[in-house]
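Let's take a friendly walk through this structure together. Have the sequence and the 3D view at hand as you read.

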Amino acid sequence: MENFIAGLPKLELHLHIEGTLEPELMFALGQRNGVTLPWPDVASLRAAYEFDCLQSFLDLYYLGASVLVTEQDFFDLTWAYLERCAADKVVHVEIFFDPQTHSARGIPFETVLGGIERALQQGERQLGISWRLIMSFLRHLSEEAAFATLDEARPHLSRIHGIGLDSSELGNPPGKFARVFARCRELGLPVVAHAGEEGPAAYIWQTIQELQVRRIDHGVRCAEDPALVRYLADTRLPLTVCPLSNVRLRVFDKMADHNVLTLLEQGLCVTINSDDPAYFGGYMGANFQALANSLGATREQLCRLSLNGVEASWLSLADKVKLTQEIRGYGACHGVALY
Ligand code: ADE
Ligand code: ZN
């Protein structure tokens with residue numbers, strides 16, 4: 001199974017680039033930029049990775065991001081992630097970046113975007129990994145702040161492929177951003193949003209009805225509303241599920257309790273993703289492996305999860321056909337039914 005997973009072509013559609021900051025790189029960049037971290041060394045930082053909810057993680061994640069200052073920092077961060085992708089046979093990525101995490105510290109938009117984009121372009125040339133870039137608004141901040149960020153992004157919108165919504169879910173319902181998301185859609189940008197990670201199924205309905213999302217990030221709490229599960233199965237509106245993240249943030253007590261395979265068998269377009277892999281114990285390969293180890297996922301199910309990634313991606317139809325053929329030509333994926 002390990003060899004099978006290692007060679008299976010994978011697509012990652014839910015990944016926060018700031019969440020790929022490994023402790024070693026965090027300390028190296030801290031030193032390079034004269035930013036002092038509140039932990040004496042890598043070991044004590046790692047020891048702090050004991051989260052009991054989303055907020056306890058976010059507090060640490062925003063602190064960690066404070067070492068990212070120069071264009072080269074954003075390049076180095078993104079390049080390290082892409083090398084991990086190549087090792088895990090990830091062939092396409094659609095990644096989030098959080099400009100507000102950096103603009104609040106006075107880092108120019110172009111510094112952030114330029115470094116990430118340069119690494120993605122090099123990754124496409126040297127590693128053959130295709131990509132899309134999604135600018136995410138922080139939902140604990142105001143609607144006004146999101147509009148200001150959109151204004152700041154306006155000169156760069158041709159380099160951004162979509163809009164997302166992340167950060168503290170509880171108390172920040174999707175409807176808070178209905179107007180700014182409407183503006184983004186008018187500008188021709190497809191939108192996605194985190195919902196149903198810690199928040200209730202009602203938040204998932206809101207992303208559908210008020211934000212008109214193309215995908216839902218997480219969405220696992222849809223299981224609490226049978227009508228919503230039926231809707232998601234009927235429409236194939238994708239859920240980008242992050243198994244290791246969900247266990248580390250206590251959405252599920254243990255991997256054996258995770259509902260992703262149940263949702264898969266109910267006909268939903270669920271995909272597997274790593275979210276913030278530096279903090280949650282593993283990249284794409286580790287997430288697939290966890291499903292095999294703890295949920296008894298079969299090769300056929302893992303193939304379908306990869307194929308769902310193709311379906312849910314923003315690749316061109318021609319590229320989707322190419323990747324579908326590549327996955328279906330791989331081992332046990334031969335003959336797996338297409339949706
Ligand atoms: N930002 C980074 N990771 C996140 C997650 N899992 N949920 C919400 N916001 C995030
Ligand atoms: Zn996320």
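We begin at the ligand and end at a disulfide.

This is a predicted model, in which local features need pLDDT of at least 70 and side-chain atom pairs count only at pLDDT 80 or more, while totals for chains, interfaces and linings use all residues. Residues are numbered from 1 along each chain as its sequence is written, chains are lettered from A and ligands numbered from 1 in written order, and side-chain values use heavy atoms, leaving out hydrogens and water.

Start with the surroundings of ligand 1, which include His16, Tyr61, Asp166, His194 and Asp275; a residue is near a molecule if one of its heavy atoms lies within 4 Å of it. Helix H4 (residues 54-64) gives the largest share of this shell, 4 residues, where helices are DSSP runs of H or I with at least four residues, numbered from the N terminus.

Now look at the nitrogen atoms of ligand 1. One is 2.6 Å from a side-chain N or O atom of Asp276, and a polar side-chain atom of Glu197 lies 2.8 Å from a nitrogen atom of the ligand. The protein buries 100% of the 260 Å² that ligand 1 exposes when taken alone (Shrake-Rupley method, 1.4 Å probe).

Finally, turn to the sulfur atoms. The whole structure holds 1 disulfide, a pair of cysteine sulfur atoms within 2.5 Å. Cys303 and Cys333 form this bond, with 1.9 Å from S to S. Cys303 is in helix H16 (residues 299-312) and Cys333 in the segment after helix H17 (317-328), 30 residues apart. The torsion about their S-S bond is about -80°, so the disulfide is left-handed.

Conventions. Polar contact = N/O pair within 3.5 Å; in protein donor to acceptor, adjacent residues only side chain to side chain. Helix = DSSP H or I, 4+ residues; strand = E, 2+ residues; numbered from the N terminus.
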